[in-house]
Amino acid sequence: MDSFSFDFNVIRKPYDYQVAVGNEGHNSLAGNVNRDHFWGLAGRDQLYGASEDDVLYGDQDHDTLSGGDGGDLLYGGSGDDYLFGGDGADALRGGMGDDYLDEGPGHSGLEGGMGNDTLVGGEGPDAFIVDPMSGDDVIRDFTAGPGMFDHLALRDLRWEDLSFTDTTAGVLVSWEGGSVLLEGVAQSQLAQDDFMFAEQPDLPPASRDATGPTEERASPSIEDPSMSESALPGMRFDYIADVVLRHNDLRVTFEGEEAYQVIVGEKRSDNLIGGETWDHIFGRNGNDTLRGADGDDVLYGNAGRDLLYGGNGSDRLDGGLGRDTLVGGAMADELLGADGDDVIDAGAGHDMIEGGRGNDIIVGGTGADAFIVAPNSGFDVIRDMEVRGLAQGAFDHLALRDIEPGDVEVVDYAAGAFVWWDTDEDADAEGGVLLQGVFKDDLRQSDFMFIGEPGFVDGISDAGSDWVFTS
């Protein structure tokens, strides 16, 4: 298959998009000011996403992916890949092979996948995702100790499955079939906050009371390697046999390790449905309904009042402008409401949820969820934040960006605890979150993650953040 590329816009801004798919050779695809969606396919590819929220797939062979600025989603695929997230909240997934993942600054999730991977979180709190099939990984900059910050997100593993051995390089956390080495960390430095059990809560035993949040460790993270902006491969999309125009919708299908499909709607209301493929569906303008079905799908509602359904798989859903409804479905999803008063239901799995601007209603569903807020997030309602019992350790939590512990106040109302923040010191709330059915006495320090640096909120219990092992 020849390489091809195309771009399209949304009448009601703020985003334009660029799609490019490489050929069977070695491809270098460089992004620009658009949101870039790139596939390298076969060959040793270099993909660079530049300044916006980009999605990059290396697919086959040994690839280098660099997200640049923005909140990026990077998949290495098979082969020994290098993934660099850059600045912003990124999601890095290595896939099969012995990969090197460096997220850079920001609150992120790193999953090496199968193979013996090296993971660098960079500045900011990171979820290092492991499971029984993850191989033998190394984390080079894990900040251990009390305070909800860096943590192992353990999938299909329980506390009793783990064993710990101090080595000259750091503590080795092992389970049947795999391990992760926390480089430069001793067993005695581990706290309950360092372990998040992704499907259902579990709480490691405590040996010593928490002594306040630990400082973030220095990181060997490097600035992501960038490529100068250059022309993408020259073949246009209308040279490709499997591009279908249907009712003015554009559909492109192609195959690498997975079967992929790109669907671009009209500039009006669309009903767009994916399939068994890994789908990228763009609603553009209008009140759209987008359904991802199976596969790891990426759905963009853009302007209008949209309905987005991820279905099975690990999906990214972005509502865009307007009052949207986002439903994640099974597995670990990333849900971004963006602008407007949105309704978000993440479903099962370890989800990253950000309502964005507007007054949003959010349901995390089962599994450990991060509810991301910022000073301009508006006034949201979280209907099912799980904080009691075993969940008083690392589980559901607020991830506060550009908000410091001293900015936060917690007060009880009849419906639940109201967490609000004042970042400009004018004594008025810029925004806040009502935690329905949860009250101040139920909350723990592990329910608050400060993306700038580890921190504790005054008046909140530190139970669930205790040291695990004796000194």
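Colleague: Why is glycine 95 called partly exposed?

Modeller: Its relative accessibility is 28%. Buried means under 20% relative accessible area and exposed over 50%, with partly exposed in between (1.4 Å probe, protein chains only); therefore glycine 95 counts as partly exposed. This is a predicted model, in which local features need pLDDT of at least 70, side-chain atom pairs count only at pLDDT 80 or more, and totals for chains, interfaces and linings use all residues. Residues are numbered from 1 along each chain as its sequence is written, and side-chain values use heavy atoms, with hydrogens and water left out.

Colleague: Where is glycine 95 found?

Modeller: Glycine 95 is in the loop between β10 (91–93) and β11 (100–102); helices (H or I, at least four residues) and strands (E, at least two) are DSSP runs, numbered from the N terminus. Its C-alpha atom is separated by 9.6 Å from that of serine 134, 39 residues apart along the chain.

Colleague: What makes β17 and β18 a pair?

Modeller: Two strands pair if DSSP finds at least two bridges between them. Strand β17 (residues 163–166) and strand β18 (residues 170–175) have four bridges, in the antiparallel sense, and therefore pair. Threonine 165 has leucine 172 in β18 as its bridge partner, and a hairpin joins β17 to β18 through three residues.
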